[in-house]
Amino acid sequence: MSEQSPEQKVDNLNQTNVSDHSNEKEFLDQLRHSIDSVDCEIQTLINNRAKLAQQVATVKKEHIAKSPTAEKTNPIFYRPEREAQVLKAVMARNTGPIADEKMARLFREIMSVCLDLEAPQRIAFLGPVGTFTHAAALKHFGKAADTVPMTTITDVFREVEAGTAMYGVVPVENSSEGVVNHTLDGFLSSTLKIIGEVELPIHQNFLVAEHTKLDGLSRIYSHQQSLAQCRHWLDVNYPNVERVAVSSNGEAARRLKNEWHSAAIAGDVAAAEYDLHKLYSNIEDNPSNTTRFLIIGHEAIAPSGQDKTSIVVSAHDKAGALIEILKPLSYHGVSMTSIETRPERPNKWAYVFFIDMDGHVNDPNVSAAINDIRPLVKDLRVLGSYPKAVL
């Protein structure tokens with residue numbers, strides 16, 4: 001009789017009632033043995049996947065080497081549209097008991113490690129370490145990526161433009177606080193493209209260090225936006241403790257290292273990075289608060305099946321200019337998801353519009369709408385078509 005596979009063993013044990021076993025230890029030993037067998041198979045399959053990823057890297061490098069063009073380019077290893085399709089497929093075929101998103105997160109880390117084997121990815125993000133932008137970078141690229149903090153959003157753009165980092169992560173809008181103007185302005189002076197997006201629920205934690213004396217708290221550090229987002233909770237729980245705004249939540253967490261009388265408000269990444277204890281979790285006044293981040297890079301992205309397109313439009317200074325711009329979107333059935341206005345420097349009283357829409361620039365209706373807008377404006381640039389946030 002052939003030996004049962006790990007899956008068959010698990011199915012048999014799942015159909016067995018604990019009460020059927022007079023010896024509880026014997027049954028637990030069987031379960032643990034089955035877990036060990038499954039772990040063995042998982043490990044083998046993950047390594048098989050990694051070997052296939054290495055073969056993909058080899059094929060890409062050989063293709064570039066054989067290219068007849070005089071100037072060789074580096075092969076592109078990170079494919080946002082492919083990763084989005086894989087993660088969506090993972091969730092679609094998931095049968096539980098692990099939740100769909102948690103299963104996709106497991107695969108995200110496997111994919112991150114495999115990509116690191118193909119070609120290590122250096123990712124610039126708006127720092128310092130422990131910020132929500134850092135958390136967004138880890139969520140999108142996985143923990144195997146080499147994430148590098150930058151001081152400003154401008155620095156993130158410059159790092160990617162120079163090729164020192166492959167990609168960058170910058171915040172673009174918060175559901176409570178609105179748009180991040182510095183990020184929009186970055187696109188006005190850069191040729192970089194949007195190649196992806198991340199949506200990160202913003203959960204704030206009340207953090208203390210191992211040496212913190214809770215009965216002597218005199219100061220609470222955080223970014224000014226985080227302090228505002230937790231105002232009601234702080235009024236109820238720590239009404240008489242000084243609130244000190246600092247440059248970032250990562251900086252707030254870092255300060256606790258040398259202070260016994262202080263606490264910080266920050267996210268999970270900051271807590272882990274600085275080895276802090278979460279005294280209270282999810283203290284934000286609005287539990288649905290979410291920040292959207294953009295992934296910036298050089299290359300155009302192929303369709304994934306569920307995409308967004310972002311454009312920036314410089315309009316003529318005349319009455320009804322915006323209405324003219326929006327009419328082609330309506331005519332071609334393109335859904336606009338957001339629109340923001342920024343001054344068109346250095347021109348006085350001139351403005352540009354940042355428009356996000358559903359669909360990929362290769363979709364016939366999106367392409368037709370953009371082509372109809374072009375003759376109506378001074379300038380139109382497609383910032384990128386990219387997969388919608390999956391996780």
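**A sheet, a helix and a pocket**

Strand S6, residues 205-208, pairs with S10 in the antiparallel sense over three bridges. One of these features can be followed residue by residue in this predicted model: Val208 has His277 of S10 as its bridge partner. Strands of a sheet pair through backbone hydrogen bonds, in either a parallel or an antiparallel manner.

S6 and S10 belong to an open sheet of five strands, in the order S8-S7-S9-S6-S10, with mixed pairing. Strand S8 (242-246) and strand S10 (277-280) are at the edges and have a single partner strand each, so one side of each is left without a neighbour in the sheet. From one strand to the next, the twist averages 35 degrees.

Next comes helix H2. With 42 residues (24-65) at 1.5 Å a residue, H2 should span 62 Å, and its end C-alpha atoms are 62 Å apart, so the two values agree. The buried residues of H2 are Phe27, Ser34, Ser37, Ala50, Ala53, Ala57 and Ile64. An α-helix has 3.6 residues a turn, so residues three or four places apart point the same way.

Helix H8 gives the most, with four residues. By type, the lining residues of the second largest pocket divide into 21 polar, nine nonpolar and two charged.

Methods
Residues numbered from 1 in each chain as written. Predicted model: local features only at pLDDT ≥ 70, side-chain atom pairs only at ≥ 80, totals over all residues. Heavy atoms only, no water. Pairing = 2+ DSSP bridges. Helix = DSSP H or I, 4+ residues; strand = E, 2+ residues; numbered from the N terminus. Axes fitted to C-alpha atoms, helices over the stretch in contact; angles between N-to-C directions. Expected span 1.5 Å × (residues − 1). Buried < 20%, exposed > 50% of the residue type's maximum accessible area, 1.4 Å probe, protein only. Nonpolar A, V, L, I, M, F, W, Y, C, P; charged D, E, K, R; others polar.
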